[in-house]
Amino acid sequence: MNRREAIRSLSLAGGVSLLPSTPLLAAGLPSEAEASYAQAVKGTAPVRIRDIKTILTAPNRIRLVIVKVETSEPGLIGWGCATFTQRALVVQPAVEQYLRPFLIGRNVDEIEDIWQSSYVSSYWRNGPVLFNAMSGVDIALWDIKAKRAGMPLYQLLGGKVRHGADCYFHASGTSFSEVEDNARRAMEQGFRHVRVQVTTPGYAGYGAARSNAPTTGAHDEAVGPTNPIEIWEPAPYVRLVPKLFEHLRNKLGDDVELLHDVHERVTLNQAINLAKSLEPYRLFFLEDPLPPEENDHFRLLRQQTSTPIAMGELFNTQHEYVPLISERLIDFIRIHISQIGGLSPARKVAALSEFFGVRTAWHGPGDASPVAHAAQLALELASYNFGVHEGSGFPKETQEVFVGCPEVKNGYMLAQEKPGLGIEVDEKLAAKFPIPAGPPNFDYSWGTTRRRDGTVIRP
């Protein structure tokens, strides 16, 4: 066969591989083209979903929900994250009793259609339970697709635009000096971004231990508006935070990027005053200054301050985050990827954000499993508008259950250069860390922290 004939036969093989009825088409080709065609379609026979299972595990006392998708191809499985720590036991039946029978037999390659059909399968859309269940399946299907391709997931998403994802470390304390010491430890480990939180003396709070926590048995009597126990007030907090940043900038210098999480516990006027008072200290971002119920307030906040704003960890649907992105009212989108349904919608959020100058800073603390971290890392490595990755590594027990956790080195999270997510779950070891069987199975601090007059704090 001369060069021209070879090119012609290969072109013919490539063209017909796009057409239906492949065995008949292949049979009608010349022998050389038939061989080329067989090579081109090798391994493309449909692979089906054989079973879907959930694994509930709590290494390091964090309630994690993992989804395992088994396929018709022996040994080919995918792992996904469906972690909703506050209602983990509700997500499990959503996966096993509703999504499982709906999806068994489906072609694993049809990721987008599986997401869209699952989205409407309950008729009433969205919400954290449904979306986390969908996320577990969605991430697992992406894991499977990359394994079939024989490449790390980030390759399927466009390939690397950076070698690793810059992470931020959580540094907290009951005093300015304790926060400073913890921030220095982070910097010594190579972290260039540090989130800092400090206790407001005499009050409960978020992100730092309370200096005078209630004694054991304080919750024996039901907490309510006439029996507030964990007390928090926004005014002392708003006065304290700028002093913390003044201290840290004087002690740590300008090279480290500092972040802070308000956790939505202030009014609009307090948020504006706080953001403006922090401008001299050049924050990397101020996180969640307002609750999602008050998204319209970001239009006013944006006009009043140059402090970068991050928002979104409580968001579920596009109705919450699209306006903030498209109107350029925030600088970082902080969505928890399992909370919006997995990697498929997160890809779209990242692409939309790029067009409006918004960077990604996906929500990723301990209540995002290593599987979720690996999925968002794959997207971060392939997204131009990546901002920062929340997290500083994984505890020993978690690493043992989730074999192949992404490595954190010199402040960067690095992907495992293995097909798929690069993670496999040791199911036998996971079973040794069960989620506690009885109540509360959630964190008491949400819904029990109150103002001095008994009004519940949101969130």
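1. Let's start with Gln86, whose side chain reaches the backbone nitrogen of Asp443 at 3.2 Å. Please keep in mind that this is a predicted model. The side chain of Gln86 also makes a polar contact of 3.3 Å with the side chain of Arg63.

2. Where does Gln86 sit? Its place is in the loop between strand 3 (77–81) and helix 4 (88–103). The relative accessibility of Gln86 is 15%, so the residue counts as buried, the limit being under 20%.

3. The surroundings of Gln86 are worth a look in your viewer. Leaving aside neighbours within four places in sequence, Gln86 is in contact with Arg63, Asn441, Phe442, Asp443 and Trp446.

4. One of those contacts, Phe442, leads on to the aromatic residues. A search of the whole structure finds twelve aromatic pairs. In one of them, the ring centres of Phe442 and Tyr444 are 5.7 Å apart and the planes stand at 70 degrees, so this pair is edge-to-face. Phe442 counts as partly exposed because its relative accessibility is 30%; Tyr444, at 45%, counts as partly exposed too.

5. Elsewhere, one aromatic cluster is formed by Tyr168, Phe284, Phe285 and Phe332.

6. Now to the helices. Helix 5 (residues 111–121) packs with helix 6 (residues 128–149) at an angle of about 170 degrees, and their axes are 10 Å apart. Angles over 145 degrees count as roughly antiparallel, so that is how helix 5 runs relative to helix 6. From helix 5, the contact uses Ile111, Ile114, Trp115, Ser118 and Tyr119. Helix 6 supplies Leu130, Phe131, Met134, Val137, Asp138, Leu141, Trp142 and Lys145. By class, this contact has ten nonpolar, one polar and two charged residues.

7. Helix 6 also packs with helix 13 (residues 343–355), here at an angle of about 85 degrees with the axes 8 Å apart. The range for roughly perpendicular is 65 to 115 degrees, so helix 6 is roughly perpendicular to helix 13. Asp138, Ile139 and Trp142 in helix 6 meet Leu343, Ser344 and Arg347 in helix 13. The classes in this contact are three nonpolar, one polar and two charged residues.

8. Which residues of helix 6 would I highlight in a figure? Asp138 and Trp142: they take part in the contact with helix 5, and they also meet helix 13.

Key: Residues numbered from 1 in each chain as written. Predicted model: local features only at pLDDT ≥ 70, side-chain atom pairs only at ≥ 80, totals over all residues. Heavy atoms only, no water. Axes fitted to C-alpha atoms, helices over the stretch in contact; angles between N-to-C directions. Helix = DSSP H or I, 4+ residues; strand = E, 2+ residues; numbered from the N terminus. Parallel < 35°, antiparallel > 145°, perpendicular 65-115°, else oblique. Contact = heavy atoms within 4.5 Å. Nonpolar A, V, L, I, M, F, W, Y, C, P; charged D, E, K, R; others polar. Buried < 20%, exposed > 50% of the residue type's maximum accessible area, 1.4 Å probe, protein only. Polar contact = N/O pair within 3.5 Å; in protein donor to acceptor, adjacent residues only side chain to side chain. Phe/Tyr/Trp six-rings, centres within 6.5 Å; stacked < 30°, edge-to-face > 60°.
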